[in-house]
Amino acid sequence: PFADAFESRLLCAMPEDRFCAPVNQRMAGVRALTITLDDSSPPVPYISGPASEAAWLNGTRPLSFYGGDVGSGLRYSNTLIDGKPGPQTEHGCDTSLIAGQWRATRMRPCRLEVEGVHQIDTTRLSDGPHLLHQCEYDFAGNAGCTPARTLRSDNTAPGAPRGLDVTGGEGWRRTNGFRLAWTDPDQGVAAPIVASRYRVTGDGFDSGVLGNFAPGAADGVLLPGPGEFHVTVWLIDAAGNTSESNSASATLRLDDVPPSGYLIEPEAERPEVIRAAVSDGHSGVAAGRISVRKIGGGEWIDLPTQ
């Protein structure tokens with residue numbers, strides 16, 4: 001039966017009218033004594049930190065843990081991912097190796113409260129959701145585990161946008177401000193696409209990394225001035241993975257400068273032929289018109305022009 005205490009006595013085997021003279025030191029020894037305590041209460045675990053949340057993660061993220069116990073105390077803490085042991089922390093306990101077994105050298109060998117941090121390396125996991133448990137184990141072998149949490153890991157940058165298109169086409173236009181549209185690649189079980197970035201280059205110009213647009217489109221892409229430029233677009237997933245090397249490109253053309261020209265002195269042999277020298281620094285001259293009117297005013301008359 002359960003007992004609150006035990007006692008070891010050294011008795012004097014003499015009649016009551018006599019006494020045992022303490023000539024020599026007397027000792028009572030107890031050997032190979034094993035006291036077994038009943039500890040059926042499991043520890044209570046708690047977790048917090050980035051690795052305990054439902055957000056998508058990449059790289060190595062911390063998982064803060066705390067354990068409490070009311071019996072023999074906490075011996076070690078272990079993080080399980082998909083049911084497999086992960087990071088583990090052993091807590092210092094008062095033990096000794098006796099007859100090939102670890103035995104407690106105090107009634108309560110381990111601490112009742114522990115806390116710590118486990119680093120979860122998501123690069124060792126496949127992209128997608130995983131089940132995470134945090135378990136605390138006491139010296140009696142009882143285990144207490146948190147309910148399953150979903151750990152979402154993704155360490156792969158999204159692929160390039162598909163079918164990158166410039167709204168209105170890639171031809172020359174007179175107004176600045178372009179809209180781009182594309183189709184995001186299928187991420188499967190990995191983190192979804194949440195944003196995009198772009199870079200405009202050309203004629204010695206580099207805009208640097210710009211934008212944080214919603215998936216599938218980018219509005220208001222501006223050029224630094226007239227000319228022909230290239231735009232590259234790449235994607236960002238919910239875990240923060242991104243790679244500019246996984247990009248798609250398109251050409252943007254802007255010409256907001258009108259053509260220039262001047263009249264050339266008529267030839268003596270053909271004074272009725274009016275000629276003009278014209279030029280354009282960007283999109284080129286597509287057509288022109290020469291008009292005349294009488295000196296002193298009147299309406300302009302458009303002449304057949306080649």
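What is the handedness of the disulfide of Cys 93 and Cys 110, and why? In this predicted model, the torsion about the S-S bond of Cys 93 and Cys 110 is about 115 degrees, so the disulfide is right-handed. The sulfur atoms of Cys 93 and Cys 110 are 2.0 Å apart. This pair links distant parts of the chain, 17 residues apart. Cys 93 lies in the loop between strand E5 (84–90) and strand E6 (95–98), and Cys 110 in the loop between strand E7 (101–104) and strand E8 (113–121). Cys 110 counts as buried, because its relative accessibility is 5% and the buried class covers values under 20%.

The structure holds two disulfides. Besides the pair above, a disulfide joins Cys 135 to Cys 145, with an S to S distance of 1.9 Å. The link of Cys 135 and Cys 145 is also right-handed, with 110 degrees about the S-S bond. Its two ends, 10 residues apart, lie in strands: Cys 135 in strand E9 (residues 128–138) and Cys 145 in strand E10 (residues 143–145). Cys 135 has a relative accessible area of 2% and is therefore buried, whereas Cys 145, at 40%, is partly exposed.

On the scale of the whole chain, the secondary structure comes to zero helices and 24 strands. The radius of gyration is 42 Å, well over the 19 Å that the globule rule gives for 306 residues, so the protein is more spread out than a compact globule. Taken along the principal axes, the C-alpha atoms fill a box of roughly 165 × 35 × 35 Å. Buried residues make up 30% of the 306 residues. Among the contacts with a separation of 6 or more, 62% are accounted for by residues 24 or more positions apart.

In soluble globular proteins, nonpolar side chains tend to be buried together. The largest nonpolar core of the model has 19 residues, and those with the most contacts inside it are Leu 180, Val 221, Val 231 and Leu 252. At least two residues of this core are supplied by each of strand E12 (162–166), strand E14 (178–183), strand E15 (193–202), strand E18 (217–221), strand E19 (227–237) and strand E20 (248–254). Apart from this core lies another, of 10 residues, including Ile 47, Leu 57, Ile 81 and Ile 120. Within the largest core, Val 221 is one of the residues with the most contacts. Leaving out residues up to four places away in sequence, Val 221 touches Asn 176, Gly 177, Phe 178, Leu 180, Tyr 198, Val 200 and Leu 252.

Two aspartates illustrate polar side-chain contacts in the model. Asp 302 lies in strand E24 (residues 301–303) and is partly exposed, with a relative accessible area of 49%. Beyond four places in sequence, Asp 302 touches Arg 289, Ile 290 and Ser 291. The side chain of Asp 302 makes polar contacts with the side chain of Arg 289 at 3.3 Å and with that of Ser 291 at 2.5 Å. Asp 302 and Ile 290 are 12 residues apart in sequence, and their C-alpha atoms are 6.1 Å apart in space.

Asp 280 is found in the loop between strand E22 (275–279) and strand E23 (290–292). Apart from neighbours within four places in sequence, Asp 280 is in contact with Asp 255, Val 257, Pro 258, Pro 259 and Val 285. The C-alpha atoms of Asp 280 and Val 30, which are 250 residues apart along the chain, are separated by 109 Å.

Most residues other than glycine have a negative phi. Ala 99 is not a glycine, yet has a positive phi of about 55 degrees. Ala 99 is placed in the loop between E6 and E7 and counts as exposed at 82% relative accessibility. Asp 203 likewise has a positive phi of about 55 degrees without being a glycine. Asp 203 lies in the loop between E15 and strand E16 (205–206), and its relative accessibility of 76% counts as exposed.

Conventions. Residues are numbered from 1 along each chain as its sequence is written. This is a predicted model: local features need pLDDT of at least 70, side-chain atom pairs count only at pLDDT 80 or more; totals for chains, interfaces and linings use all residues. Side-chain values use heavy atoms; hydrogens and water are left out. A nonpolar core is a set of buried Ala, Val, Leu, Ile, Met, Phe, Trp, Tyr and Cys residues joined through side-chain atoms within 4.5 Å. Buried means under 20% relative accessible area, exposed over 50%, partly exposed in between (1.4 Å probe, protein chains only). Helices (H or I, at least four residues) and strands (E, at least two) are DSSP runs, numbered from the N terminus. Contact means heavy atoms within 4.5 Å. A polar contact is a pair of N or O atoms within 3.5 Å; within protein, one must be able to donate a hydrogen and the other to accept it, and residues adjacent in sequence count only if both atoms are side-chain atoms. The radius of gyration is taken over C-alpha atoms; the globule rule is 2.2 Å times the number of residues to the power 0.38. A disulfide is a pair of cysteine sulfur atoms within 2.5 Å.
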